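Please read the following report with the sequence and the model open beside it. It goes through selected helices, strands and loops in turn.

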Amino acid sequence: MHEELNIEQLVQSKLGEAEVAPSADTWTHIRKKVRRMQFLKFRPGRFNIWYLGILLISGAGITGELTVEDTGSEEPLYRETRESVIPEAKNVKEAVREPAAAVEKAQEQQERQEHQEGNQTGAGKKLVGSGEILRTDRVDPVEVTDAPDTLKGEEMTLPEPVEIIEEAPIHEDKLPLMGGFTSSVQSGCAPLTVQFRAPHAKASTYRWSFGTGDRSSVPDPLYTFREAGQYTVLLTVAHSDGTPSEYRQLIEVHPAPKADFQIEEGFEGIDNHLTLNLVNYSSEAAAFSWSLLEGDRNECSYWSSEEYQPVIRLKELSRGTEEIRLIVTGESGCRDTLSKELPVEIASSEDRIRFPNAFSPNPTGPGSGMFNPQSRRTDLFHPVLTEVPVSYHLTVYTRRGKMIFETREVYRGWDGYINQERVAGGVYVWMVEGTWEDGAAFSFRGDVTLIWNELW
Amino acid sequence: MSSEKDILTGCVSGKQWAQRELYDKYARLMLGICNRYAQSLEEAEDVMQEGFVKIFLNIREFKGDGAVAAWMRRIMINTAITHYHKMKKYRYHDDLDAVSEVKFEERTWGETDFTKEELYQVIHQMPEGYRLVFNLYAVEGYKHREIAEILQIDENTSKSQYSRARRWLQERLIKIQGERSR
């Protein structure tokens with residue numbers, strides 16, 4: 001059977017409950033670490049005895065010690081980190097290792113015995129009366145009495161500063177990950193300006209590194225990330241006693257999209273609609289929203305598009321529309337907007353055809369008169385069309401009423417010549433008649449001034 | 001083999017036999033989880049070790065409600081996240097441009113298209129940010145809002161990372177299939 005799974009289902013079904021065999025020595029590593037941590041773990045019942053011992057041996061060292069812990073990170077502090085902080089304690093610790101190992105052995109032996117008896121007596125003892133075996137208050141005293149006498153004796157005499165380490169509480173749903181300093185925002189669109197504030201501490205120096213190569217030494221820097229990326233901001237605080245603390249935080253700068261487009265005029269379809277092709281040059285954008293704006297910057301309600309490169313038919317546009325606006329949205333929600341003026345003046349439906357009031361023919365000789373409606377030629381007398389008529393008849397007359405030019409071809413204009421001869425400069429009258437695609441007939445007349453320009 | 005209750009009681013009192021039994025019972029499953037969050041099996045083992053140490057030291061925090069496996073699973077995932085943040089500064093990451101902008105077509109897969117090992121290998125190669133968000137959302141079933149809180153990122157970042165991640169993954173799987181059929 002061939003099941004159709006999407007990518008989530010595939011990974012879930014194959015790896016969701018997958019098992020992988022650990023290598024043989026993994027348990028040994030875990031056991032060693034746990035042994036060590038259990039031995040070093042702070043137990044409230046013994047706090048006073050140890051505290052006294054520490055006071056006697058390391059004296060004033062303890063005060064510095066505790067302040068370090070106050071400003072320290074959330075991670076549990078291990079023996080290794082402490083050793084570097086309190087050099088005096090080191091010698092003591094070396095001496096401690098041997099007995100510690102012996103104690104571990106003793107404990108292990110005892111455990112093994114207990115386990116053998118476990119199901120009869122050992123486990124029964126702890127299960128007395130209730131199912132709530134896991135409650136802390138009940139278990140704690142057991143653990144204290146658990147330890148063999150020898151171990152107790154040893155521990156009491158150990159002036160071990162490490163013993164006061166409190167176990168870091170474990171948050172099941174959200175472990176403290178970063179921290180120390182605050183930042184006004186943790187993520188945003190480029191360029192992103194972030195106000196950082198150092199933790200309040202009696203510090204002598206601050207060293208900020210923004211992950212961009214830039215650095216700062218003021219306590220509360222204001223910094224702008226120009227480029228998109230993930231930056232680990234690192235703050236190193238050197239306390240007055242010389243001990244450093246390090247804090248980190250992740251700042252994510254989303255790429256800012258850039259809206260850009262060009263408006264190109266073109267044709268479309270068998271009936272040669274004039275169109276505006278919106279050519280998209282935007283970058284870093286995932287979504288596009290096009291709209292038309294009227295002169296008062298209000299959005300036109302009759303047209304909008306979410307396409308990448310929409311095409312607008314000129315005849316769809318209604319009068320008063322002046323601008324095309326593009327809003328782009330990046331994948332992270334960052335936006336950019338660009339508006340451009342329409343390259344053509346939008347005529348109302350009555351103005352589907354319009355004629356210039358002057359033109360200046362080519363003085364070097366007549367041409368074919370054919371024109372490309374995309375180009376606005378000034379050497380030909382021709383109309384500007386937003387729609388191509390079904391029928392069309394243009395005539396041009398002298399002021400005395402003599403017809404000197406006639407055409408039924410929409411894309412043929414008058415070049416200012418009759419029978420290869422120039423006509424005189426001045427005012428001419430034109431008339432046009434025809435029918436639009438929608439059946440409406442049109443008929444207009446007007447005049448146009450012909451200007452000969454020898455410098456043409 | 002002792003009952004789970006006995007094992008837990010034993011773990012609470014720090015008994016090695018109990019810890020060993022808990023480990024034997026769940027290590028394979030936990031490594032299966034960690035392996036999804038790591039870039040190699042070695043790293044996964046490190047995370048699992050760290051996770052088990054936390055479990056043994058904090059077993060008292062387990063309130064007995066729900067399965068111990070689910071509780072352990074959460075600790076493993078949290079450990080993996082902490083590990084990710086710890087390692088982050090030592091690693092080069094190129095999460096941002098790892099996915100091309102071309103239009104991508106969704107597709108579906110058959111259960112037997114890939115082996116477990118192949119999928120693990122692909123996940124190991126995934127850019128770290130993708131891997132984390134993909135695992136949390138697709139496999140663990142966290143909501144983007146929760147992921148945003150856990151990772152201290154923007155909710156939208158989680159969403160966009162996720163969509164890039166699943167795309168990255170699919171493109172890679174398609175490539176593997178392509179290479180196989182050649």
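Helix α3 of chain B is largely enclosed by the rest of the structure, because twelve of its 17 residues are buried; a residue is called buried if 20 or more other C-beta atoms lie within 10 Å of its own, exposed if 12 or fewer do, and partly exposed in between, with C-beta atoms placed from the backbone. Among these buried residues are Ala44(B), Val47(B), Met48(B), Phe52(B) and Ile55(B), and also Glu45(B), Glu50(B) and Lys54(B). The helix covers residues 41-57 of chain B, and its end C-alpha atoms are 24 Å apart, which agrees with the 24 Å that its 17 residues should span at 1.5 Å a residue; the expected span is 1.5 Å times one less than the number of residues.

The model is a predicted one, in which local features need pLDDT of at least 70 and side-chain atom pairs count only at pLDDT 80 or more, while totals for chains, interfaces and linings use all residues. Residues are numbered from 1 along each chain as its sequence is written, and chains are lettered from A and ligands numbered from 1 in the order in which they are written.

Chain B as a whole has eight helices and zero strands, where helices (H or I, at least four residues) and strands (E, at least two) are DSSP runs numbered from the N terminus. Of the 182 residues in chain B, 46% are buried.

| Helix pair | Angle | Axis distance |
|---|---|---|
| α7(B) and α8(B) | about 110° | 8 Å apart |
| α6(B) and α8(B) | roughly 100° | within 8 Å |

The helices α7(B) and α8(B) are therefore roughly perpendicular to each other, a label given to angles of 65 to 115 degrees, whereas those under 35 count as roughly parallel, those over 145 as roughly antiparallel and the rest as oblique. Their contact involves His144(B), Arg145(B), Ile147(B) and Ala148(B) of α7(B), together with Glu155(B), Ser158(B) and Lys159(B) of α8(B); two residues are in contact if their C-beta atoms, placed from the backbone, lie within 7 Å.

The helix α6(B) is likewise roughly perpendicular to α8(B). Residues including Tyr130(B), Val133(B) and Phe134(B) in α6(B) meet residues including Tyr162(B), Ala165(B) and Trp168(B) in α8(B).

In the loop between α7 and α8 of chain B lies Gln152(B), whose phi is near 55°, a positive value in a residue other than glycine. With 17 other C-beta atoms within 10 Å, Gln152(B) is partly exposed.

Chain A contains an open sheet of three strands in the order β1-β3-β6, with antiparallel pairing; two strands pair if DSSP finds at least two bridges between them. The strands β1 (182-183) and β6 (222-225) of chain A stand at the edges with a single partner strand each, so one side of each is left without a neighbour in the sheet. Strand β3 (residues 192-197) of chain A is joined to β6(A) by four bridges, and Gln195(A) stands opposite Leu222(A) in β6(A).

In the loop between β2 (187-189) and β3 of chain A is Pro191(A), which is joined to Ala190(A) by a cis peptide bond with omega of about -10°.

How values were computed:
Axes fitted to C-alpha atoms, helices over the stretch in contact; angles between N-to-C directions.
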